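Student: I have a new structure open and would like to go through it slowly with you. Could you take my questions one at a time?

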Amino acid sequence: MPEAIADNVVAIFHYTLKNDAGDVIDSSSGRDPMPYLHGAHNIVPGLEEAMTGKKAGDSFDVTIPPEKGYGLPSGAPPQQIPKSELPNGDQVQVGMQLGAQTPDGQVVVLHVVKVDEASFYVTTDHPLAGENLNFSIEVLRLRDATAEELQHGHPHGPDGNANH
Ligand code: ZN
């Protein structure tokens with residue numbers, strides 16, 4: 001068992017995420033705790049930084065600025081895409097994420113922010129771009145990552161044996 005969170009350690013934790021107004025945006029409360037592989041960019045950079053060195057049983061609060069969270073808004077207006085350009089274009093809904101490839105082969109995530117009769121509108125901005133992320137974290141358990149997890153760059157469930 002690793003003693004503290006470091007690279008190649010899987011940490012299992014509970015979290016609550018609030019915005020600066022105090023609204024709960026997301027929480028693992030009432031759900032299974034979340035495992036992540038430290039050093040593999042599974043979580044936002046600021047949270048990964050704050051997790052470093054923490055031990056099982058530690059609880060802490062951390063405020064992460066947008067630069068180390070979901071970035072700053074680009075300021076670019078959403079891009080209009082005709083629904084007819086996608087095979088399932090008429091099923092696209094606000095809040096969905098779509099994967100797209102740029103001409104140079106880079107994969108980007110597009111967030112759907114608006115839908116009308118014939119088109120939907122996407123932005124590369126994360127819905128939480130520009131927001132401080134106020135996390136309350138409870139570290140439950142640590143374990144060493146399996147060889148397969150290290151190869152994949154993510155945990156395979158809390159115990160490392162989940163199929164996917
Ligand atoms: Zn995997």
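Student: Let's start with β6 and β7. In which sense do they pair, and over how many bridges?

Tutor: Keep in mind throughout that this is a predicted model. Strand β6, residues 97-101, and strand β7, residues 107-115, pair in the antiparallel sense, and the pairing runs over five bridges.

Student: Which residue is the bridge partner of G99 in β7? And what stands opposite Q101?

Tutor: The partner of G99 is V109 in β7, while Q101 stands opposite V107, also in β7.

Student: How many residues lie between β6 and β7 in the hairpin?

Tutor: There are five residues between the two strands of that hairpin, and G105, which sits in the turn, has a positive phi of about 90 degrees.

Student: Changing topic, which residues touch the most other members in the largest nonpolar core?

Tutor: That core has 21 residues, and the members touching the most others are L47, M51, F135 and I137. β1 (9-18), α1 (45-51), β4 (59-64) and β9 (133-144) each supply at least two residues of this core.

Student: What does L47 touch, leaving out its neighbours in sequence?

Tutor: Not counting residues up to four places away in sequence, L47 touches V62, I64, F135 and I137.

Student: How many residues are in the other core?

Tutor: The other core, which lies apart from the largest one, has seven residues, among them I81, L98, L110 and F120.

Student: Where is H38, and is it buried or exposed?

Tutor: H38 is found in the loop between β3 (34-37) and α1. With a relative accessible area of 5%, H38 is buried. If residues up to four places away in sequence are set aside, H38 touches I5, A6, D7, N8, V9, E48, M51 and T52. One of these, M51, is also among the residues that touch the most other members of the largest nonpolar core.

Student: Now the aromatic residues. How many aromatic pairs does the structure hold?

Tutor: The structure holds two aromatic pairs. In one of them, the rings of F13 and Y15 have their centres 5.9 Å apart and their planes at 50 degrees, so the pair is tilted. Both F13 and Y15 are buried.

Student: And why is the pair of F13 and Y36 called edge-to-face?

Tutor: The rings of F13 and Y36 have their planes at 90 degrees, with their centres 5.6 Å apart, so this pair is edge-to-face. F13 lies in strand β1 and Y36 in strand β3, so the pair ties together parts that are 23 residues apart in sequence. F13, Y15 and Y36 form one aromatic cluster.

Student: Last topic, charges. How many salt bridges does a search of the whole structure find?

Tutor: The search finds four salt bridges. One of the salt bridges joins K68 and E49, at 3.0 Å from N to O. This pair links distant parts of the chain, with K68 in the loop between β4 and β5 (79-82) and E49 in helix α1, 19 residues apart.

Student: What about E149 and R143, buried or exposed?

Tutor: Both E149 and R143 are buried, and their side chains meet in a salt bridge at 2.9 Å, N to O.

Conventions:
Residues numbered from 1 in each chain as written. Predicted model: local features only at pLDDT ≥ 70, side-chain atom pairs only at ≥ 80, totals over all residues. Heavy atoms only, no water. Core = buried A, V, L, I, M, F, W, Y, C linked by side-chain atoms within 4.5 Å. Buried < 20%, exposed > 50% of the residue type's maximum accessible area, 1.4 Å probe, protein only. Helix = DSSP H or I, 4+ residues; strand = E, 2+ residues; numbered from the N terminus. Contact = heavy atoms within 4.5 Å. Pairing = 2+ DSSP bridges. Phe/Tyr/Trp six-rings, centres within 6.5 Å; stacked < 30°, edge-to-face > 60°.
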